[in-house]
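Hello,

Here is the structure I said I would pass on. My notes on it follow below.

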Amino acid sequence: MVTHSNKGSFTLANGVAIPCPGFGTWRMKAGSETVAAIQEALALGYRHIDTAAYYQNEESVGQAVRASGLDRKEVFLTSKVWNTDRGYETTLRAFDRTLAALGTDYLDLYLIHWPAAANRFPDWKEINRQTWRALTRLYREGKVRAIGVSNFLAHHLEPLLQEEVAPMVNQIECNPGWQQRELIAYCHAHNILVEAWSPLGQGRVLGHPLLARLGEKYHRSPAQICLRWCLEAGVLPLPKSNTPRRIQENLAIFDFSLSPADLGQLAALEPFGTSGHDPDHIDF
Ligand code: A2P
């Protein structure tokens with residue numbers, strides 16, 4: 001079972017510990033600003049960096065890890081295979097490029113970035129299966145410590161659950177304004193850890209009056225309420241920030257908890273915070 005220690009880590013189905021929160025790097029451009037932000041995160045105590053081939057910042061991530069002075073084994077590194085590399089051989093080659101860009105010889109977690117979906121691919125199941133089999137091979141060869149998917153809905157996950165190795169992680173868009181409760185329950189029932197990308201709704205959701213009220217009540221920022229909400233839902237958040245004060249703030253989520261009544265108020269919110277990327281209808 002996926003377990004959560006409340007002390008900054010979860011344990012995946014295969015026993016691998018995954019530090020929490022992770023540091024998201026979407027929209028962080030390759031270069032010195034990103035290297036500095038990741039170094040800051042590592043100095044402040046983050047031990048989990050989430051990147052992707054698509055972000056084009058893997059080299060900067062690798063540079064920051066090396067500059068941190070931390071042993072490679074102390075940092076949990078995630079990357080993802082992009083949509084144009086789906087398929088067995090192409091995924092294996094994409095993985096090699098990712099390792100080279102990061103300057104490492106293994107990954108902690110490798111994910112399929114988006115499912116091939118029925119709107120564009122009549123053979124979407126087979127494409128996802130072939131991509132997944134490449135990840136399974138990398139896992140069996142010890143080149144990656146855990147494997148999973150991102151943006152998969154239940155019907156995308158189902159065929160992969162029939163495979164030899166089941167996904168250990170599903171990274172999805174998730175925040176108090178886009179709660180995805182059914183999908184989370186489905187993942188948990190299948191022993192799949194849910195990670196939240198854009199746990200702050202890219203900043204969009206932070207102005208909601210309920211988050212402001214709860215922030216005042218708990219003497220926390222709306223961002224910290226969002227991140228704590230993730231933990232209470234059994235979800236590992238991946239907040240992104242370029243700002244040292246916020247990078248630090250986003251770590252301080254383990255010394256308070258939201259009351260059942262306040263969680264109930266959050267659960268009752270109408271959806272208000274999605275980016276609009278529906279995995280069944282993406283056009284990229
Ligand atoms: P910045 O990078 O300028 O600090 P998400 O993780 O949901 O994608 O959200 C990222 C956005 O939220 C970024 O624009 C980031 O801005 C902002 N952000 C990150 N942490 C905080 C925080 N603690 N308070 C307010 N905004 C934040």
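**Notes on the model**

N151 is buried, with a relative accessible area of 4% (buried means under 20% relative accessible area, exposed over 50%, partly exposed in between, with a 1.4 Å probe and protein chains only). This is a predicted model, in which local features need pLDDT of at least 70 and side-chain atom pairs count only at pLDDT 80 or more, while totals for chains, interfaces and linings use all residues. Residues are numbered from 1 along each chain as its sequence is written, and side-chain values use heavy atoms, with hydrogens and water left out.

N151 sits in the loop between β8 (144-150) and α5 (helices are DSSP runs of H or I with at least four residues, strands are runs of E with at least two, and both are numbered from the N terminus). Its phi is near 65 degrees, a positive value in a residue other than glycine.

Helix α5 covers residues 154-161 and contains H156. H156 is buried, at a relative accessible area of 2%. Apart from neighbours within four places in sequence, H156 is in contact with P115, A116, A117, W124, N151, P279 and D280 (contact means heavy atoms within 4.5 Å). With D280 there is a side chain to side chain polar contact of 3.0 Å (a pair of N or O atoms within 3.5 Å; within protein, one must be able to donate a hydrogen and the other to accept it, and residues adjacent in sequence count only if both atoms are side-chain atoms).

Two other backbone points. Q180 also has a positive phi, near 50 degrees, and is not a glycine. Q180 lies in the loop between β9 (169-173) and α6 (181-189) and is partly exposed, with a relative accessible area of 21%. C20 and P21 are joined by a cis peptide bond, with omega about -5 degrees; P21 is in the loop between β3 (17-19) and β4 (23-24). For reference, most residues other than glycine have a negative phi, and most peptide bonds are trans.

On the ligand: of the 16 residues around it, L200, Q202, S241, N242 and T243 come nearest (a residue counts if one of its heavy atoms lies within 4 Å). A backbone N or O atom of Q202 is 2.8 Å from a ligand oxygen atom. S241 places a polar side-chain atom 2.6 Å from an oxygen atom of the ligand, and a polar side-chain atom of T243 is 2.6 Å from a ligand oxygen atom. The protein covers 81% of the 570 Å² of accessible area that the ligand has on its own (Shrake-Rupley method, 1.4 Å probe; for residues, only the protein chains shown count as cover).

Regards
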